[in-house]
Amino acid sequence: MAASKHTRKGASGTNSVFRELFHNSQVSTEREQKWQNAVRHAGTGTPPLRFPVYEHLYEFNLCAQKMVELLEELSNKFAVDPKARLYHQSLIQSVRALISLEIVESMAGVEHTEAWLFQTQQRSEEEKLRDPDDVYITVREREAERIKMGFPPLIRFIDEPSSVKKSARKKTRATRAT
């Protein structure tokens, strides 16, 4: 029995919601492709996105720090020239920092795109859950705020009691008079 070790899904395996968001957005196809490539090559795991990259970067940084510390110990035990030790430690730290920077910069684009994707998905889901009649409540609240601030109402509600209409008109006239 043969089994493939290629278990990662390609672009066609990308979340269908995300594919639709990309399709309906102004995001460039180049950015979409970069995101899909980064996600595809970011490793495996659950979820198979960016987390393994950060885990490997963390391990890499730990190992580099361990090398610096070991070099310090070796120089104390075997009389390594302090200038040479400092040079080698800075070389290790420089390589560590450059590699970390390159990976973090690469992942920043993925994170930025995912933030946009998840915010868009969140707004879409909120829109599905929102009661369309909530807009009327919001308009009533805004009109009440305007009246409290002394501005004339922009909208008159049919079910509004006549006493509220008269007091609003009086406040408006009083504001205009001053």
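Start with V80, which touches L74, S75 and R85, leaving aside residues up to four places away in sequence. A contact here means heavy atoms within 4.5 Å. V80 sits in the loop between helix 3 (51-78) and helix 4 (82-129). Is V80 buried, partly exposed or exposed? V80 is partly exposed, because its relative accessible area is 31%. Buried means under 20% relative accessible area, exposed means over 50%, and partly exposed is in between, with a 1.4 Å probe and protein chains only.

Before going on, a word on what you are looking at. This is a predicted model, where local features need a pLDDT of at least 70 and side-chain atom pairs count only at pLDDT 80 or more, while totals for chains, interfaces and linings use all residues. Residues are numbered from 1 along each chain as its sequence is written, and side-chain values use heavy atoms, with hydrogens and water left out.

A79 is not a glycine, yet its phi is positive, near 50°. Most residues other than glycine have a negative phi. A79 counts as exposed, because its relative accessible area is 69%.

Now to R85, one of the residues that V80 touches. R85 forms a salt bridge with E72, and the closest N and O atoms are 3.4 Å apart. A salt bridge is a side-chain nitrogen of Lys or Arg within 4 Å of a carboxyl oxygen of Asp or Glu. R85 lies in helix 4 and E72 in helix 3, so the pair ties together parts that are 13 residues apart in sequence. R85 counts as buried because its relative accessibility is 18%. E72, at 30%, counts as partly exposed.

How many salt bridges does the structure hold? There are 5. Another one joins E125 and K128, with 3.2 Å between the closest N and O atoms. Both of these residues lie in helix 4, 3 residues apart, about one turn of the helix. K128 counts as exposed, at 62% relative accessibility, and E125 as partly exposed, at 37%. R130 and E127 also meet through their side chains in a salt bridge, 3.2 Å from N to O. R130 is partly exposed at 40%, and E127 is partly exposed at 48%.

Next, helix 4 itself. Does its span agree or disagree with its 48 residues? At 1.5 Å a residue, helix 4 should span 70 Å, and its end C-alpha atoms are 66 Å apart, which agrees. The expected span is 1.5 Å times one less than the number of residues. The buried residues of helix 4 include R85, Q89, I92, M107, V110 and L117.

There is a nonpolar patch on the surface, formed by F60, Y87, L91, V95 and I99, with about 430 Å² of accessible area together. Patches are made of residues with over 30% relative accessible area and no salt bridge; like charges are joined within 9 Å, and nonpolar side chains (Val, Leu, Ile, Met, Phe, Trp, Tyr) within 5 Å. Accessible areas come from the Shrake-Rupley method with a 1.4 Å probe, and for residues only the protein chains shown count as cover. Which helix gives the most to this patch? Helix 4 does, with 4 residues. F60 belongs to helix 3, and F60 is partly exposed, at 31% relative accessibility.

Now the chain as a whole. It has 6 helices and 0 strands. Of its 178 residues, 22% are buried. Taking contacts with a separation of 6 or more, 54% are between residues 24 or more positions apart. The accessible surface comes to about 13800 Å², and 59% of that belongs to carbon and sulfur atoms.

Last, confidence. The chain averages a pLDDT of 77, and 65% of the residues score at least 70. pLDDT is the predictor's confidence in each residue, from 0 to 100. Where pLDDT is low, the predicted coordinates should not be read in detail.

Conventions
Helices (H or I, at least four residues) and strands (E, at least two) are DSSP runs, numbered from the N terminus.
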